[in-house]
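Biologist: I would like to learn how to read a model like this one. Please take me through it feature by feature.

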Amino acid sequence: MEQFGRIKLSPKQLSGLKTPCYIVNESKLEENLRLLKYVQDKTNSKILLAFKGFAMWSMAKLVKQYLPGTSASSVSEAMLGRHEFGGELHCYAPAYSQADMEEHVKLADHIVFNSVGQWNRYKELVKQHPHIETALRINPEHSETDTAIYDPSGPNSRLGTTLENFKAGLVDLEGISGLHFHNLCELNADALERTLSVVEEKFGFYFDKISWINFGGGHHITRPDYDVERLIRIINDFRSKYKLKVYLEPGEAIALNTGVLVTSVLDLFNNGMKLAILDTSATAHMPDVLEMPYRPFIENADEPQEKAHTYRLGGITCLAGDVIGDYSFDKPLQIGDKLVFGDMAHYTMVKNTTFNGVRLPLIYKFNSNQNELTLVKEFGYNDYKSRLS
Ligand SMILES: *Cc1c(COP(=O)(O)O)cnc(C)c1O
């Protein structure tokens, strides 16, 4: 048995495994979903899957058993929600084109606008679909994250309506039935509590004009140290004060720690230090490693020099900076060795590209209760070709 996190593969499963590939453990995904269901049951709130973080639609049947709907930020995500997942479909985008909005009104039951101007532009069209609930995204101008590209409340942010603009647009808000804020990134319940008190302080005067509020995503609910009971208390306190329906729309928390990326060593040589070329790519298959940037976890590997054999791990594109990082191992690497990158099911899969014509990793699902490995998808030339012309 070779163990990849909680994914245990027999020699036969391992020898048949094509790399690079993602393996998503549906048993672990179900565990995450069960926790999210627990929060919903304890708070009478609704948790939606934000596709931006996880859009593996072959898992829709499982996700649907626990979550009442999805949250989309583009027409393609909205189509995935309507046609593959069903349930409630909430849409939000920093701006909608006329063509986008004509599609969204056919697909969504909740549409969130980023500015009063966008609402004014589309309110007549939306009102022709009386079942659609609408909201305005507000910006509480309260930062909880230090990483600027993940901070919606940074200076001069384009995300959400500030209190000043909200007050200036008050006369136009007739017909808006909800508010939405999204201010967190990989944060615990204390960050929500602080953000929520700012939202109440600034926008609370308007709460008697609405019937629902969406607390956005960035809640790391399924992380082992997340304070779930505190989240439950925050939502329940809020609901008893304001009688508003509460939604949350995490992406990452749904798929946190559910999957790995398995890659093979293709070549080894020394250019002043030991280098290993892998059949994956930082820029194409795990772009956040370069964008954020962050150092991905590799099973049985450590910081450079901690173990006996240190290598710089690089990808298969021609980008000079296609480097994942320096890692050390107990034994020298061999061509054909498999390396397992941890926690690669969220964001990584939705953000990967075919840059340099590199094939996208295959997608397997694994069921740890039945020890069953199933190939879900294999990508090829057409996935590259169909993006271009
Ligand atoms: C990114 C995003 C989410 C999901 O965020 P996670 O960090 O993946 O939980 C939800 N809502 C909006 C508006 C977002 O932009």
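Predicted model: local features only at pLDDT ≥ 70, side-chain atom pairs only at ≥ 80, totals over all residues.

Modeller: Start with the record: UniProt positions are given in the numbering used here, feature names are shortened, and annotations may be inferred rather than shown by experiment. Residues are numbered from 1 along each chain as its sequence is written.

Biologist: Which residues does UniProt give to the feature "domain: Orn/DAP/Arg decarboxylase 2 C-terminal"?

Modeller: The UniProt entry, which is unreviewed, places that domain at residues 151-344. Helices (H or I, at least four residues) and strands (E, at least two) are DSSP runs, numbered from the N terminus. Over residues 151-344 the chain is 25% helix and 23% strand. The end C-alpha atoms of this stretch are 22 Å apart.

Biologist: Which residues come nearest to the ligand?

Modeller: A residue is near a molecule if one of its heavy atoms lies within 4 Å of it. There are 13 residues around the ligand, and Lys52, Gly218, Glu249, Glu252 and Tyr347 come nearest. Now look for polar contacts (pairs of N or O atoms within 3.5 Å). Lys52 has a polar side-chain atom 2.7 Å from a ligand oxygen. For Tyr347, a polar side-chain atom is 2.6 Å from an oxygen of the ligand. Glu252 uses a polar backbone atom, 2.9 Å from a ligand oxygen. On its own the ligand has 390 Å² of accessible area, and the protein covers 91% of that. Such areas come from the Shrake-Rupley method with a 1.4 Å probe.

Biologist: How many salt bridges are there?

Modeller: A salt bridge is a side-chain nitrogen of Lys or Arg within 4 Å of a carboxyl oxygen of Asp or Glu. By this rule there are 20. In one of them, Glu144 meets Arg194 at 2.9 Å, N to O. Glu144 lies in the loop between strand 8 (133-137) and helix 7 (163-168), and Arg194 in helix 8 (residues 189-203), so the pair ties together parts 50 residues apart in sequence.

Biologist: Is Glu144 buried or exposed?

Modeller: Buried means under 20% relative accessible area, exposed over 50%, and partly exposed in between (1.4 Å probe, protein chains only). Glu144 has 15%, so Glu144 is buried. Arg194 is partly exposed because its value is 39%.

Biologist: What about Arg312?

Modeller: Arg312 forms a salt bridge with Asp326, with the closest N and O atoms 2.7 Å apart. Arg312 is in strand 14 and Asp326 in strand 15, 14 residues apart. Asp326 is buried at 18%, whereas Arg312 is partly exposed at 33%.

Terms used:
Heavy atoms only, no water. Polar contact = N/O pair within 3.5 Å; in protein donor to acceptor, adjacent residues only side chain to side chain.
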